[in-house]
Amino acid sequence: MNKNFLWGGATAANQCEGAYLDGNKGLSIMDVMTNGSKNHKRLITDSIQKEYYYPNHDGNHFYYHYKEDIALMAEMGFKCYRMSIAWTRIYPNGDDEQPNEDGLKFYDKVFQELKKYNIEPIVTLSHYEMPLNLVKKYGSWRSRKLIDFFYNFSKTVLTRYKNYVRYWITFNEINAIEFMPYFPAGLLIEEDENRHQVIYQAAHHMLVASAKVVKLAHDINPKNKVGCMTLFGVNYPRTCHPNDVLKAEMANQDFLGIPDVQVFGYYSAYQLKQYQNKNVHLDITDEDLEILKNGTVDFVSFSYYMSMVQGEKREGENFAQGNMVAGLENPYLESNEWGWQIDPVGLRITLNYLYQKYRKPLFIVENGLGSEDILTSDGTVHDDYRIDYLRKHIKEMIKAVDEDGVPLLGYTMWGCIDLVSAGSGEMKKRYGFVYVDKDDYGNGTYKRFRKDSFYWYKKVIESNGEIL
């Protein structure tokens, strides 16, 4: 591995910070999502209601523990930390005329602490945490007005932190809008609406906003590198039957239609044909086309948790559970407690697939294992299963780089310190190297404990991947 390879971990502000009203912060779309479980979906309420528990209000208390948490990252030897800035800390309502200085000062302190330990911040501007006011007042990304609101927010933070941050990501997983429109875009589809029309028009507005911010970031600091971030895991054909192979390849193209625009600066012929087939008529202006063309990204980052299988379902076959998406069960793979199939080789295949398609540097910004960890009486967690999962994935990642020639900027393991699960709202679905004493209802001391994987990852980083 390159000696400058960026080893680290990743979180999102809405899942870890907590302090949802501190420092004049406004309400985000995640602040009105209740807790859930494996068998119970999270509810989206119109406002905060006393009968429900909202886990994102507390997160893991990073807002109060950021110095301790960054020190733990430094102890592991982190080269980088992927984080997000909560839009509602900077512009509480999203359409405010002036930014909130309290929020800006909080991130001043976070970045100063990271710089103290020479940890490179990888900053996502919008990671599932847009202002709730923009949903209620404008219908979220249905409205073109949000392009300017996001641009103003981005300009404020890009300017404020230009001396601290070199790597930026505009949006987290815009392509998840097709499966879970509320998370990336705050969309709640009405029964009488054309679902596809609403989703893809909103995605178009997000793509225009992204492209405008890419150019802005380069103007503010030519050293800035700006990436897109996509949800992706390669789709396998169920069999070598041509129909199954075709279905798998079409699924891959469907996943990547949105990042295609961010990389190439225009919609692919395939994507436009899909819109036509779904009776979608986008409002695209000539100015939009020029903005997209001039705002292409410098690198492609992605989340990888599992591969998927596509094909004709046969009697007796089951669908596998997944990270917002699903395919047929792969009989050659094991699954975790939440039904996500574990496929380390799929990461190598995915890296090769994305590089062959985009010819841009790649960045794995999410990969990890959610599990119900047990804190022992001696204050640790013996999570050999997590070490095994990460070891196998990192081995395949290294093969993609050293044997296949894929240019990879870094690897940030998801949820490096236990946080609230986005999908289920649980705390017991733990990912981190650090255990946080909090349960699914916010009870606990929020004290931090190093897991066995903490010490393992420290050795991985020290040896630059030589010791696994």
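A disulfide here is a pair of cysteine sulfur atoms within 2.5 Å, and a search of the whole structure turns up 0 of them. This is a predicted model, so local features need pLDDT of at least 70 and side-chain atom pairs count only at pLDDT 80 or more, while totals for chains, interfaces and linings use all residues. Residues are numbered from 1 along each chain as its sequence is written, and side-chain values use heavy atoms, with hydrogens and water left out.

**Cysteines**

- For Cys80, the closest cysteine sulfur is that of Cys416, and at 9.6 Å it is too far for a bond.
- Cys416 is in no disulfide either, with the sulfur of Cys16 its nearest at 8.4 Å.
- Cys80 counts as buried at 0% relative accessibility (buried means under 20% relative accessible area, exposed over 50%, partly exposed in between, with a 1.4 Å probe and protein chains only).
- Cys416 is also at 0% relative accessibility and counts as buried.

**Helices α8 and α9**

- Two packed helices are described by the angle between their axes and the distance between the axes.
- Helix α8 covers residues 195–220 and helix α9 residues 242–264; helices are DSSP runs of H or I with at least four residues, strands are runs of E with at least two, and both are numbered from the N terminus.
- The two pack at an angle of about 25°, with axes 10 Å apart (axes are lines fitted to C-alpha atoms, for helices over the stretch in contact, and angles run from 0 to 180 degrees between N-to-C directions).
- That makes α8 and α9 roughly parallel to each other, a label for angles under 35 degrees; over 145 is roughly antiparallel, 65 to 115 roughly perpendicular and the rest oblique.
- On the α8 side the contact is made by Ala203, Leu207 and Ser210, and on the α9 side by Ile258, Val261 and Gln262 (contact means heavy atoms within 4.5 Å).

**Two loop residues**

- Gly139 sits in the loop between α5 (132–138) and α6 (145–160), and is buried with a relative accessible area of 16%.
- Leaving aside neighbours within four places in sequence, Gly139 is in contact with Leu134 and Leu187.
- Gly139 and Tyr64 are 75 residues apart in sequence, and their C-alpha atoms are 33 Å apart.
- Leu328 is in the loop between β8 (308–310) and β9 (334–335), and is buried with a relative accessible area of 4%.
- From Leu328 to Leu187 is 141 residues along the chain and 28 Å between C-alpha atoms.
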